[in-house]
Amino acid sequence: MKVLVLLAVSLLVCVLADDAAREKAREIKRQCKEEAGATDDDVKSLKEKDQLSSPVTKKMMACVFSKNKIMQNNKFSKEGSMQVARELMSGRPDSETKLKIAEQIADNCAKEIGGIDTTGDEMAKLIFDCLKKQARDVSILAQ
């Protein structure tokens with residue numbers, strides 16, 4: 001399940017395949033934390049609660065999702081999320097199987113939230129929640 005949840009929060013928690021990707025994630029996290037006006041406590045709370053519960057964390061994740069093209073024009077981007085999945089899973093064992101699961105998750109989220117019009121911050125919450133829910137559901141089905 002951890003690999004699936006990575007799709008939702010990969011860049012925030014900086015668990016990536018290689019040093020270059022990890023450094024890119026750290027830089028995006030730093031930039032988005034600064035742009036959102038988030039504190040270390042906001043980031044800690046996000047990691048501990050695993051939810052976007054404040055305007056600051058929503059804004060930070062909207063930035064992270066936008067910079068990684070998971071969210072484009074305040075919409076979920078299946079293509080962007082799959083690009084992140086490909087980068088995360090490149091060279092890992094069972095990457096083809098994991099990419100199929102990631103695609104199923106992205107398909108389901110595209111169906112669930114793809115047509116919703118809202119602000120970027122609210123879309124970030126919808127994306128975060130959908131990816132997390134889908135990852136959990138797919139993990140349960142795979143057991």
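## Helix H4 and its length

The expected span of a helix is 1.5 Å times one less than its number of residues. Helices here are DSSP runs (H or I, at least four residues), numbered from the N terminus. This is a predicted model, where local features need pLDDT of at least 70, side-chain atom pairs count only at pLDDT 80 or more, and totals for chains, interfaces and linings use all residues. Residues are numbered from 1 along each chain as its sequence is written, and side-chain values use heavy atoms, leaving out hydrogens and water.

Now try the rule on H4, residues 55–67: at 1.5 Å a residue, its 13 residues should span 18 Å, and its end C-alpha atoms are 18 Å apart, so the two agree. Buried residues (under 20% relative accessible area, 1.4 Å probe, protein chains only) in H4 include Met-60, Met-61 and Phe-65. Just after H4, Lys-69 has a positive phi of about 60°.

## H3 meets H4

Helix H3 covers residues 40–49, and its axis comes within 10 Å of the H4 axis, crossing at roughly 85°. Axes are lines fitted to C-alpha atoms over the stretch in contact, with angles from 0 to 180 degrees between N-to-C directions. So H3 is roughly perpendicular to H4, a label for angles of 65 to 115 degrees.

Which residues make the contact (heavy atoms within 4.5 Å)? From H3 come Asp-42, Val-43 and Leu-46; from H4, Val-56, Thr-57, Met-60 and Met-61.

## Helix H5

H5 gets the length check too: its 12 residues, 78–89, should span 16 Å at 1.5 Å a residue, and the end C-alpha atoms are 16 Å apart, which agrees. Among its buried residues are Gly-80, Val-84 and Leu-88. After H5 comes Gly-91, with a positive phi near 80°.

Conventions. Helix = DSSP H or I, 4+ residues; strand = E, 2+ residues; numbered from the N terminus. Buried < 20%, exposed > 50% of the residue type's maximum accessible area, 1.4 Å probe, protein only. Parallel < 35°, antiparallel > 145°, perpendicular 65-115°, else oblique. Contact = heavy atoms within 4.5 Å.
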